[in-house]
Amino acid sequence: MRMTDYDDKKSGKTPLIEFINASYSYDTEEGAETPPAVKDVNFSISRGEFVAILGHNGSGKSTVAKMTNAILHPTKGKVIVSGMDTSDEALEIRIRQLVGIVFQNPDNQIVSTIVEEDVAFGPENLGVPPAEIRQRVDEALKTVGMYEYRLHEPHRLSGGQKQRVAIAGVLAMKTDCIVLDEPTAMLDPVGRKEVISTIKRLNKELGITVVLVTHFMDEAVLADRIIIMNDGRIVKDGTPQEVFSDVKTIRETGLELPIGANLAERLRNSGINLKKGILTAEDFAEAFSQFVVNNR
Amino acid sequence: MVRDITIGQYFPGNSVLHNADPRLKLVLSFVAIIFIFVCNNFYSLALVALFSVVAVLSSKISLKIILKGLRPMLILLIFTSALQLFYNKQGEVLFTSRYLTITTGGIYTTIFMVIRIICLVLVSSLLTYTTSPTQLTDGIERLLSPLKVFGLKNGVHTLAMMMTIALRFIPTLIDEIDKITSAQKARGANLETGGIVKRAKALLPIFIPLLVNSFRHAFELSLAMSARCYNGGEGRTRMKQLKLQTRDYILMFSMLIFVGGVIALNIIFESVI
Amino acid sequence: MSLLELKNVSYTYSSGTPFEITAIEDINLTIEKGSFVGIIGHTGSGKSTLIQHFNALLKPTTGQVLLNGKDINQSKQSAHEARFKVGLCFQYPEYQLFETTVYRDIAFGPTNMGLSEDEIKERVREAAELVGLTDELLKKSPFELSGGEKRRAAIAGIIAMRPEVLVLDEPTAGLDPSGRKKILGMISEFRKSTNSTVIIVSHSMEDVASLAEKIIVMNKGRIYKYADVHEIFTKSEELAALGLEVPPVTSIFLKLKEKGLDVNTDIYTKEQAEKELLRYLKREGIAW
């Protein structure tokens, strides 16, 4: 089954990333056949979308993230980025110029010992002229709110700041799409907020396509669309309201409902019919007080 | 603690030395170190000391940091000067008793040695204090670039990149050693007592996780670098261009005066060591 | 009865140099035997420094740490013993695994205690069972385990020392929802089956609120407040001023109250929330 209904709804936009029956298996030393980490996945992401990929550890979501910019090539099927096949080695650099990745561990993706020099790393690799790199670096650092820290040493920054530097590093490459692989998993609540609000801004204000891989429900609800992965397959693809109304699937995949949806579901089970589509704490408080007013 | 060591650290700033071309700084540091050893009388030594002080001042780095950098040398200085003072028997005898004799030769060499070592540490640490590791490796890469002619084209870039990454990860690894050590101590690991074999064995619980973690860092970093289009040195540009500017020529000129001064003073005055 | 007591404890890093930083200051604290205490505070508030005083990993610059009434920093011996009585599990403990098998790694602590082979065996089995690691997994190399399993193996390594106090720093950091649930369930189980004292440091107000009875709020190296859970979380403005939040469930009730609904705001878990909402609807005659 191809899950591209969502894409059809948004017709008119060209897909930026397209997975066509894509599978991926990790090699084992003994050469034994291992169950594929990603199995026969079909989806496409259009320009300007904000998509969250949800799933528990080992669901294949990180593997999918790495397949979006030719770090991993599908062992079966195809991944097409803006018309280019990621399996074609000659296109690798061009693909990575379109789709950048921010990884989970902030410490393991900073190359340089000075913030601005690290942000310059990508454009330098691309052979961008020096004056333009300077301009891009300054702009990217301002976008993520780290300009004042441009001369700092990365290891003295907080986790949230390091991740924002990593985001700036991708922005300086002028990618169309930024894929974030659990960017907040290792951060404290303050850092998480910094990073999430930065991501939202990139999407809403700069129109950058965002793919956010996460297992935090409160982050996923911010997206326009959620793809749920389980056991290497896509089990759900739709708006947050659609996805989280399928309580059964959420439970079966080892995930949780967002807090508002969770309470609403509990009340529904006791026969209190709150309106559909409640996700966040705010949604719930709003809907519950409305319910009280209506039924008093 | 390991993290107290400042040698090799970089302190961002905006001084003449910070802004100078790293290639020039590398060469000039090398020349300065040679001439710290060339001086052989008190006049040229004074010039060397003056040069070092001026260099330190022009870096605008706080005296606190400079002094902290010197601290690890203190024991070495005291120990070696004591040796010199008591065992050097050249020159006039100034003081003598049953166990020790102090001579003018001893005093001269001691003074020379102490000042030389201090100047040496000052000048060489100024290089890293005022030059970011990336600039430093950049400078080394470009200074070594003539080697590319001998078929070492990628070698030079790779070497420089390796140095940058090593420098980048030193603080991360120091942090990690601290954390792993605390964690194993919390499980009762005894790292302080026992013979050499026992103590070496006791380090395994620290060494193995450190090694495993380092591989993880290296693997993830290599992915992150690929994702940012890293593809070796070919076709790379640099945000910070290295081009000698007026201030670099001024620096070079001052260095020439210093070198000439040391040579002249060495010729004019008699050697005392 | 007080089990762990800190008297006027301060700790200064790089003490005696111009670079000294006071990490915690004038801490007075009593942890009762058998209690479950949560420690909250934003990054840099001194939580990590504080807990490292509980087992003598850090020696206070001034002040005393008493365990069962005895100063644990009195001698090397007493400090060494404190490590076993107060089991401290650091953040991301899976990165400290080093042995050839999971079994041997869990046995590291008990072995350092100088226990007999049989005793070690019994403790490792017991700890492994508690965290849900099968015999099969015990034979494996720790590096072959999944992320969640590694975390549980590392915690088992502390539990196997049978500490009187178990201190956990961010035990659920980086785990997915099901991994988190497993760890939290395990911690409750440990407490129930051993009656031990448990101290948990966490950024997750939800975790703290659902497990702990008392909470220590750290701020700028000092104890800002040490009180029962409800006393801490009913003061949401105070917490907000410290850059902290109430548990997400509690925030819903505060919002309802703001909207003029007369609900109880002393609610921290989803189960409590469900009950309170139904009770409210019933009382208002909306549901029955």
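Predicted model: local features only at pLDDT ≥ 70, side-chain atom pairs only at ≥ 80, totals over all residues.
Q: Which strands are the edge strands of the open sheet in chain A?
A: Let's walk along the sheet: its 4 strands come in the order S2-S1-S4-S5 (chain A), with antiparallel pairing. An edge strand pairs on one side only, and that picks out strand S2 (38-46) and strand S5 (84-85) of chain A.

Q: Is Ser45(C) buried or exposed?
A: Find Ser45(C) in the loop between strand S3 (36-40) and helix H1 (47-54) of chain C. Further along the sequence, its contacts include Met218(C) and Arg222(C). Buried means under 20% relative accessible area. Ser45(C) has 0%, so it counts as buried.

Q: Which element gives the most residues to the side of domain 1 of chain C that touches domain 2 of chain C?
A: Chain C is assigned domain 1 (2-235) and domain 2 (247-288), and the contact takes 7 residues from each of them. Across this interface there is 1 salt bridge: Lys270(C) with Glu206(C), closest N and O atoms 3.4 Å apart. On the domain 1 side, helix H8 (205-211) and helix H9 (229-233) of chain C each give two or more residues. The one that gives the most, with 4 residues, is H8(C).

Key:
Residues numbered from 1 in each chain as written. Chains lettered and ligands numbered in written order. Heavy atoms only, no water. Buried < 20%, exposed > 50% of the residue type's maximum accessible area, 1.4 Å probe, protein only. Contact = heavy atoms within 4.5 Å. Pairing = 2+ DSSP bridges. Domains from an automatic or database assignment. Salt bridge = Lys/Arg side-chain N within 4 Å of Asp/Glu carboxyl O. Lists of a residue's contacts leave out its neighbours within four places in sequence.
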